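Q: I am new to this structure and would like to learn how to read it, one feature at a time. Could we look at it together?

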Amino acid sequence: MHWNSAAEFFAMGGYALYVWGSFGITAAVMAIEVLLLSRQRARVLRNLRDELRSEGGPT
Amino acid sequence: MTTRAIHWFKFASPQNFYGLAGRLWTWFAALAAALMAVGLWISFFVAPTDAQQGQGYRIIFVHVPASQMSMFIYVVMAFWAGLGLAFNTRLSGMMASALAPTGALFAFLSLITGALWGKPMWGAWWVWDARLTSELILLFLYLGFLALQSSIDDPRRADKAGAVLALVGVVNVPIIYFSVQWWNTLHQGASVSLTRAPSMASTMLWGMLIMVVAFWMYTIAVALVRVRSIILERERHTEWVKHALE
């Protein structure tokens, strides 16, 4: 363990902006991708169910 | 032998692969989460401070996996695209389309984390170095692939056009990889190679390798989820999709 305090950990030896920026943007991009994927799936399912209903329903 | 082959070809059908992907992706997602937790712990609490770069070097634990994935995904995407072009299999094109957005994101992350690393160590966010420039071209290739596919309405024709672009662009991957040897670059050479001992502390190396595997698992999970949506959309008029929705 090379950190004596939480403040020292967050300061990253003066590289806080660069280290936390790198990890932060990577985490953010992954989180956004996962969110978009779940929305894409919900949208596809909704559209297909709507289509199916309008095809199979009374005309 | 032949029964084994038949067994595998079964999953070349979108219907069978849809089910398989649905069963597999949660395992890959769980592995990705577990490995990332271990990798992050090593990145911040186990790996020692670097003698030259202090704590700043810790960017390596996201920069290297993201960069490697951006290149690997391109090769895998080009492989599927080529397979689709050669054998006219439907699933291959869908796999290529499912991988492209994730590859583009990793290329973007590679450039961004590289800039965040370059600024404190080189004094510049960006230099027109062979490694950086060829990685930027990789991002443009991904974006070109995505734009080309979305501009063609017929999915089968979009697959073919995208496949040609993907295959031509694959020449850029060895250029990125060997750029640090072929040209005099500001970007450092590989710290890890198959032919000689790695030039870094073993805990740093392990942290990096675990993060690389974690990013692989993440990529497989998201690509499987994305290909499921693509399969549903493209096979919407088939009976099995109608049954699956009921």
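Q: Is B:L116 buried or exposed?
A: The model is a predicted one, in which local features need pLDDT of at least 70, side-chain atom pairs count only at pLDDT 80 or more, and totals for chains, interfaces and linings use all residues. Residues are numbered from 1 along each chain as its sequence is written, while chains are lettered from A and ligands numbered from 1 in the order in which they are written. A residue is called buried if 20 or more other C-beta atoms, placed from the backbone, lie within 10 Å of its own, exposed if 12 or fewer, and partly exposed in between. B:L116 has 24 other C-beta atoms within 10 Å and is therefore buried.

Q: Where is B:L116 found, and with which residues is B:L116 in contact?
A: Helices are DSSP runs (H or I, at least four residues), numbered from the N terminus, and B:L116 belongs to helix α4 of chain B. Two residues are in contact if their C-beta atoms, placed from the backbone, lie within 7 Å. Leaving aside neighbours within four places in sequence, B:L116 is in contact with B:I59 and, from chain A, with A:Y18, A:G21 and A:S22. The C-alpha atoms of B:L116 and B:I59 are separated by 8.2 Å, although the two residues are 57 residues apart along the chain.

Q: How many residues does each chain bring to the contact between chains A and B?
A: Chain B brings 31 residues and chain A brings 23 residues. On the side of chain B that touches chain A, α3 (60–87), α4 (90–122), α8 (202–234) and α9 (239–245) each supply at least two residues, and α4(B) gives the most, with 9 residues.

Q: How are α5(B) and α6(B) placed relative to each other?
A: Two packed helices are described by the angle between their axes and the distance between the axes. Such axes are lines fitted to C-alpha atoms over the stretch in contact, with angles that run from 0 to 180 degrees between N-to-C directions. For α5 (residues 130–151) and α6 (residues 155–169) of chain B, the axes come within 9 Å and cross at roughly 165 degrees. Therefore α5(B) is roughly antiparallel to α6(B), a term for angles over 145 degrees.

Q: Where does helix α2 of chain B bend?
A: A bend at a residue is the angle between axes fitted to the seven residues ending there and the seven starting there. Helix α2 (residues 14–46) of chain B bends by about 30 degrees at B:L24. Among the buried residues of α2(B) are B:F17, B:Y18 and B:F28, and what covers the buried residues of this helix includes α3, α4 and α8 of chain B.

Terms used
Parallel < 35°, antiparallel > 145°, perpendicular 65-115°, else oblique.
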